[in-house]
Amino acid sequence: MFDLDRWQEIFSSIRSNILRTVLSGFTVALGLYIFIVLFGIGKGLQNAFSEGFTRDAQNLITISTGKTTIAYNGLQSDREVTLNNKDYDAIINSDTEKVQYSTPRLSTSLMVKYGKESGNYQISGANQDEVKIENRKLLNGRFISPGDLDRRANVAVIGRMVQRDLIKNGDPVGKDVEINGSIFKVIGVFSDDGGDWDERMISIPITTLQQMKKSSDTVSTVFIAYNENLKPEDAIKYSDRLKKEIKTRKSVSPDDENAVYVNNRAEGLKDSFLFLFVITLIVGFIGMGTLLAGIIGISNIMVYIVKERTQEIGVRKAIGAKPKSIVALIMQESIVITVISGLIGVALGVLTLNLIGESLEKYFIKEPSVGWGLIIAAFFSLVISGLIAGFVPAYKASKIKPIEALRAE
């Protein structure tokens, strides 16, 4: 392996057969290059897809109500259906093991003032789990606590854009804002990947907002983040059961689809993840096909190389070269070409993905990349293939009698 004369002979053979060497190396480099770029783009699709579903909790069930369209149980149609605190408790307590996080929400738009600045903002009355449901990031302070709910405290957690609009200078935590004529102390500031609209929201304890609404117990929406261990089909059955129970509780016809709305992300996620799986499978199939094409290319070229060198092999055998030394020489040359070309293909593939960067985000491809584990596995599969591709024809050629090898054309 470390015979200096053999290495000199290998590099002499490479220099004297530039076209053959380039063709062999090009096949390897191209196979690895396309493999890395395709898998990188596939990873970029996964990243963009995952980000699109992380703005809010992925395992989310949203429950809201509307008007009835079917008369039922002695009640007329066109009846407004509303949820309240007891409904929320009944929904959550129906199967607590399936609930990871949950919050009722009462939403309204109110005038908010701070000093000389003012504006209408969306006020969300919720509990301490809203930060989990909305995947919010606290930039400063804290979120609503169970104690705030019990005390019906006048505290508020403001979005980043609210801070920018109203409290332009200094730390907003601890400062007082006026909401619909009542003074609230700012206890935290949050950011939200949902964008400016979600960051122009103010969260306060739902008990406080209900008290402001003439001691109402109304709930606009119920959010449930179900247990992440639930299979999509089980999560869908759970939400279907909740919908049936709510309709029964609120005297709504089972056939009325407009009075109670239950949206389960599992329904969309199941189809979306299946689509992503198919896309990833196609990309992987093409990538593996390209790698396989590279392996076949190496094999074909090595067969040609050995055939071309049949007379040379005959001369070597005639002057006393042993079959194993002939095999070792050809295999070493094959490995050298494969390793150098493979490294070039890897370098170009990784460089291409780095150059792409964020330029393809508008095409739903975000941060394309390939793990080094996959790259190393692909690289060594080509090196081993090159080794086998060189060994098989070299071994056959080493068994030819010198006289037959010298007669070959």
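**Exercise 1.** Classify D193 from its relative accessibility of 45%, and then identify the residue with which D193 forms a salt bridge.

*Solution.* The model is predicted, so local features need pLDDT of at least 70 and side-chain atom pairs count only at pLDDT 80 or more, while totals for chains, interfaces and linings use all residues. Residues are numbered from 1 along each chain as its sequence is written, and side-chain values use heavy atoms, with hydrogens and water left out.

Begin with the classes: buried means under 20% relative accessible area, exposed means over 50%, and partly exposed lies in between (1.4 Å probe, protein chains only). At 45%, D193 therefore counts as partly exposed. Next, apply the rule for a salt bridge, which requires a side-chain nitrogen of Lys or Arg within 4 Å of a carboxyl oxygen of Asp or Glu. D193 forms one with K137, and the closest N and O atoms are 3.1 Å apart. To place the partners, note that helices (H or I, at least four residues) and strands (E, at least two) are DSSP runs, numbered from the N terminus. D193 is in the loop between β8 (182–191) and α7 (196–199), whereas K137 is in strand β5 (residues 137–141), so that the pair links distant parts of the chain, 56 residues apart. Finally, K137 is likewise partly exposed, at 42% relative accessibility.

**Exercise 2.** Compare the surroundings of the residues in the salt bridges K250–D87 and D148–R142.

*Solution.* Start with the setting, in which 19 salt bridges are counted. In the K250–D87 bridge the distance from N to O is 2.9 Å. K250 lies in the loop between α9 (232–249) and β12, and D87 in helix α3 (residues 85–93), so this pair ties together parts that are 163 residues apart in sequence. Both K250 and D87 are buried.

**Exercise 3.** Which residues are linked with R136 in a network of salt bridges, and over the face of which ring does R136 lie?

*Solution.* The network links R136 with R105, E130, E134 and D192. For the second part, the criterion is that a charge sits over a ring if NZ of Lys or CZ of Arg is within 6 Å of the ring centre and within 35 degrees of the ring normal. R136 lies over the face of F190, at 4.1 Å from the ring centre.

**Exercise 4.** Describe the geometry and the exposure of the two aromatic pairs that the structure holds.

*Solution.* Rings of Phe, Tyr and Trp (its six-membered ring) pair if their centres lie within 6.5 Å, and planes under 30 degrees apart count as stacked, over 60 as edge-to-face and the rest as tilted. For F35 and F39 the ring centres are 4.5 Å apart and the planes stand at 40°, so this pair is tilted. Both residues belong to helix α2 (residues 18–52), where they are four residues apart, about one turn of the helix. F35 is buried at 2% relative accessibility, but F39 is partly exposed at 22%.

The pair F379–F380 is edge-to-face, with 5.6 Å from centre to centre and 80° between the planes. F379 counts as buried at 11%, and F380 as partly exposed at 46%.

**Exercise 5.** Locate the nonpolar surface patch that includes F380 and I384.

*Solution.* A patch is made of residues with over 30% relative accessible area and no salt bridge, where like charges are joined within 9 Å and nonpolar side chains (Val, Leu, Ile, Met, Phe, Trp, Tyr) within 5 Å. The patch covers about 800 Å² and is made by W372, I376, F380, I384, I388, F391, V392 and Y395. One of these residues, I384, lies in helix α13 (residues 372–398) and is partly exposed, with a relative accessible area of 47%.

**Exercise 6.** Work out how strand β1 (residues 60–65) is covered and with which strands β1 pairs.

*Solution.* Strand β1 is mostly covered, since five of its six residues are buried. Two strands pair if DSSP finds at least two bridges between them. Four bridges join β1 to the antiparallel strand β11 (residues 221–226), in which V222 stands opposite I63. Five bridges, again antiparallel, pair β1 with strand β12 (residues 260–264), where V260 is the bridge partner of T65.

Definitions and conventions:
Accessible areas come from the Shrake-Rupley method with a 1.4 Å probe; for residues, only the protein chains shown count as cover.
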